[in-house]
Amino acid sequence: MNVGIGLPIGDPALLLDWARRADAGPFSTLGLLDRLVYDNPEPLVALAVLAGATSRVRVQTEVLLAPLRDTVLLAKQAATLDRMSGGRLVLGLGIGGREDDHQVAGIDPRTRGQRLDEQLAVMRRLWSGEPYGDGAGPIGPAPARTGGPEVLFGGFKPVALERVARWGDGFLAAAAPSWAGDLFDTVRAFWKEHGREGEPRIVAQVNVALGSQDVIDDARARMGAYYAFSGMADRMVAGMLTTPGEIREAIAAFTDLGADEVMLYCYGLDPAQVDRLADAL
C-alpha cells in the first residue's frame, strides 16, 4: 500500500519543510487541495515549487477545480509541471461545490459537470500532440507521460464516478472505509462497461493529526473552518484520526477494499506530524 500526505493550507511558507520531510520518508505522494475564495495557496504554483524541492514523491492536486480555469492554459500548465517534474504530476480533478468559487470565476455552477467533460476532451487532445484546431497548431510542451499526466477524479454521484471510466485513470475517494467500498465497486463497474483495460487506480483519503493536544486541537479548528460552509463540519472533524492505531486500522481497511494508495490529509501546521506519521506506519 502506498501512503501519501495531504498538505495543510494555512501557511504556504511551511510547505517546503513538509515536502522535504515527506520526500525523505516512506511517503509516495504530496497532495494539495484547491479553492479560489479561501486563504489557500494555488495548487499548481505551490506543487511546482515543491516538485523542484523534492526528487521522488509525486505531486497531486486533490482536487483541482478545473471548471474554474481556462482549459488550454490548464492543459499547458499541467503538461509543463509533468514534464519538469519527470512525470511526477497526478492531476486530481473535480467540479467544486462552493458557489462563491464559481461566482468569482464567472462560471455557472449548473454547467460545471458538462464543462469538465468538454475540458477533458480538449486537454486529452492537446496532450497527445494534436493541433488545437481552428487554424491553431499544437500546444506544447509534451507531458512526460504519453497522453498526459495521470488523471484522477473525485466525487460521489454516479455521473462523477462514470467520468473516471470515460476520461480518467483512477478515483479519489474522500470517504470512510465503511462506505467507500460501494464507491469503489461502482467505479470498477463503470470501468468495465466502458471497455477499459486493467483496473482504475483507487486513492483513498482520511483526515489525520498526530502530536500533542495543541497540535490536534489546531488541526481540528482549521478543518472545521474549512468545512464550515457544508453544515457538517462537526461530523467531519469528529472523524479525524488522532492515534497511530486508528491510522493503521484505516489503512488496513482500505487495503482490504483494494485501494492502491491512502492519502493522510493534515490540517494542522506542525511539520513534525510528517515524522510522527512515518513512525506510525
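Predicted model: local features only at pLDDT ≥ 70, side-chain atom pairs only at ≥ 80, totals over all residues.
Let's start with Arg69. You'll find Arg69 in the loop that runs between strand E3 (58-65) and helix H3 (71-84). So is Arg69 buried or exposed? The relative accessibility is 13%, and buried means under 20%, so Arg69 counts as buried. What does the side chain do in there? It makes a polar contact of 2.8 Å with the side chain of Asp34, and there's another polar contact, 2.6 Å, to the side chain of Glu42. Leaving out residues up to four places away in sequence, Arg69 touches Asp34 and Glu42, plus Pro43, Leu64, Leu74, Arg115 and Gln119.

Okay, over to the surface. Leu36, Val37 and Val104 make up a nonpolar patch there, with about 240 Å² of accessible area together. Val37 sits in the loop between strand E2 (29-32) and helix H2 (43-53), and because its relative accessibility is 34%, Val37 counts as partly exposed.

Now the inside. In soluble globular proteins, nonpolar side chains tend to be buried together. Here, the largest nonpolar core has 77 residues, and the members touching the most other members are Ile5, Leu93, Phe171, Phe184 and Leu277. There's also a second, separate core of 5 residues, with Val90, Leu152, Val203 and Met263 among them.

Take Leu93: again skipping residues up to four places away in sequence, its contacts include Val63, Leu64, Leu116, Met123, Leu152 and Phe153. And Leu64, remember, is one of the residues Arg69 touches too.

Note on methods. Residues numbered from 1 in each chain as written. Heavy atoms only, no water. Helix = DSSP H or I, 4+ residues; strand = E, 2+ residues; numbered from the N terminus. Buried < 20%, exposed > 50% of the residue type's maximum accessible area, 1.4 Å probe, protein only. Polar contact = N/O pair within 3.5 Å; in protein donor to acceptor, adjacent residues only side chain to side chain. Contact = heavy atoms within 4.5 Å. Patch = residues over 30% accessible without salt bridge, like charges linked within 9 Å, V, L, I, M, F, W, Y side chains within 5 Å. Areas by Shrake-Rupley, 256 points an atom, 1.4 Å probe, with all protein chains shown as cover. Salt bridge = Lys/Arg side-chain N within 4 Å of Asp/Glu carboxyl O. Core = buried A, V, L, I, M, F, W, Y, C linked by side-chain atoms within 4.5 Å.
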